[in-house]
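Please look over the sequence and the structure first.

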Amino acid sequence: MATVEIRAVKKAYGATAVIHGVDVDIEDGEFVVLVGPSGCGKSTLLRMIAGLEDISGGEIRIGEQVVNGMPPKDRDIAMVFQNYALYPHMTVAENMGFSLKLRKAPKAEIETRVRRAAEILSLDHLLDRYPRQLSGGQRQRVAMGRAIVRDPQVFLFDEPLSNLDAKLRVQMRTEIKELHQRLHTTTVYVTHDQIEAMTMADKIVVMHDGIVEQIGAPLDLYDRPANQFVAGFIGSPSMNFLKGHVRLDGTPRFETPDGIALPLSSPGGVEDGQPAVYGVRPEHMQTDPQGVAAQVLVTEPTGAEILVVAKVGEQEINCLFRERLSFAPGETIRIAPQPNLTHLFDERSGRALA
């Protein structure tokens with residue numbers, strides 16, 4: 001196991017810069033998730049850690065060693081890819097032990113390591129099968145087993161669950177997390193799925209357009225987003241954003257262009273009349289006879305909860321209710337945010353306001 005230090009790392013393809021001076025510290029044994037929309041640079045950063053992409057600037061250190069110019073095979077890392085990358089003509093055991101065979105490791109050692117990894121991943125009864133005889137989840141476990149047998153300092157996962165169906169993704173999320181808790185190997189995991197990031201990570205790195213927007217524990221990012229991008233990206237359904245102005249005369253409130261007033265908890269550091277963006281998560285909305293009027297547009301019941309898309313003035317808002325409520329499109333309901341769970345963002349920069 002080892003720490004990973006990323007210092008002012010840049011990446012450019014010719015004149016096009018895609019990573020703009022990223023700094024990330026990953027502790028020994030930590031499970032860190034790089035998350036962000038497609039094209040944000042998260043997979044490129046992972047490939048630079050692996051040595052599959054050259055670094056245009058900055059420094060990457062694994063353990064005590066700077067690895068900028070080091071070939072991938074010498075970095076003591078193991079990578080699990082999105083597409084499994086299994087050899088179809090090899091059995092499960094041969095696929096898992098192939099890297100050790102290339103190193104000319106003793107046959108007995110290969111068999112011992114493969115057997116141990118197979119037991120960890122519940123693959124011991126499948127060692128003689130070929131990839132074509134396995135399900136998608138079993139193939140992904142074989143790819144993980146191939147990484148485990150190398151006993152690396154760092155595991156790198158590049159969107160390993162994106163090819164699986166929804167139910168299997170949930171199962172594999174749990175299996176990868178349990179694997180990390182058992183092995184305590186430093187892990188860097190890339191995904192565009194913020195639910196994966198929230199449920200698996202010790203620490204999340206939110207990326208956007210080649211920069212790091214915020215780093216923190218999952219619930220820290222959920223409760224205290226640094227800016228509007230992080231607030232909208234972390235959480236599902238995503239946070240509602242309403243445009244308007246802060247009003248501090250009398251009771252502090254947020255006022256939309258339609259004159260609708262919404263509560264503010266502690267609007268410190270802002271001025272009366274300041275343009276801002278009001279943020280509230282769908283799950284932090286509640287029905288309230290004294291709340292603002294909202295016209296129901298669409299309802300989406302899922303059983304455990306119901307998502308209601310409604311119109312407040314001229315702006316749409318999502319509300320997620322845990323109660324078994326029944327609303328009809330066109331109906332007017334009254335809703336209110338929980339005041340201590342609202343957020344305020346600067347209209348121009350998007351940064352969170354105190």
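## The largest cavity

How much space lies in the largest cavity? The answer is about 50 Å³. A cavity here is a set of points on a 1 Å grid over the protein atoms alone, where a 1.4 Å probe fits but cannot get out. Grid points are joined across faces, edges and corners, and the volume is the space filled by probe spheres set on the points. The structure holds one cavity of 30 Å³ or more.

Lining residues are those with an atom within 4 Å of a point. For the largest cavity they are Phe-31, Phe-155, Phe-157, Ile-176, Leu-179, His-180, Leu-183, Thr-185 and Thr-187. Two elements, β7 (154–158) and α5 (166–183), each give at least two residues to this lining. The largest share, four residues, belongs to α5.

## Basis of the model

The model is predicted: local features need pLDDT of at least 70 and side-chain atom pairs count only at pLDDT 80 or more, while totals for chains, interfaces and linings use all residues. Residues are numbered from 1 along each chain as its sequence is written, and side-chain values use heavy atoms, with hydrogens and water left out.

## Overall build

The protein has eight helices and 19 strands. Both are DSSP runs numbered from the N terminus, with helices (H or I) of at least four residues and strands (E) of at least two. The C-alpha trace spans about 80 × 45 × 35 Å along its principal axes. Contact means heavy atoms within 4.5 Å. Of the contacts with a separation of 6 or more, 66% are accounted for by residues 24 or more positions apart.

Of the 354 residues, 49% count as buried. Buried means under 20% relative accessible area, exposed means over 50%, and partly exposed lies in between (1.4 Å probe, protein chains only).

The protein carries 38 positive and 46 negative charges, and their mean positions are 7 Å apart. Lys and Arg count as positive and Asp and Glu as negative, with His and the chain ends not counted. Each charge is placed at NZ of Lys, CZ of Arg, CG of Asp or CD of Glu.

The largest pocket has a volume of about 440 Å³. A pocket is an open set of points with protein on both sides within 12 Å along at least five of seven lines. Its lining holds 16 residues, and Met-79, Phe-81, Ser-99, Arg-146 and Arg-150 lie nearest the centre. The elements giving two or more residues to this lining are β6 (77–80), α2 (92–102) and α4 (136–148).

Within α2, the residues Val-92, Asn-95, Met-96, Gly-97, Ser-99 and Leu-100 are buried. The buried residues of α2 pack against α3 (107–120) and α4.

## Backbone angles in the loops

Most residues other than glycine have a negative phi, and most peptide bonds are trans. Just after α2, Lys-104 takes a positive phi of about 65°. Ala-85, in the loop between β6 and α2, has a positive phi near 55° and is partly exposed at 38% relative accessible area. Ser-122, in the loop between α3 and α4, has a positive phi of about 55°. Its relative accessibility is 44%, which counts as partly exposed.

The peptide bond from Ser-236 to Pro-237 is cis, with omega near -5°. Pro-237 sits in the loop between α8 (228–233) and β11.

Is Ile-234 buried or exposed? Ile-234 is buried, with a relative accessible area of 0%. Leaving aside neighbours within four places in sequence, Ile-234 is in contact with Gln-194, Met-198, Val-206, Leu-221, Tyr-222 and Arg-281.

Leu-248 is in the loop between β11 (240–247) and β12, and is partly exposed at 31% relative accessibility. Leu-248 and Gln-274 are 26 residues apart in sequence and 9.7 Å apart from C-alpha to C-alpha. Gly-259 is in the loop between β12 (253–255) and β13 (261–263), and is partly exposed at 47% relative accessible area.
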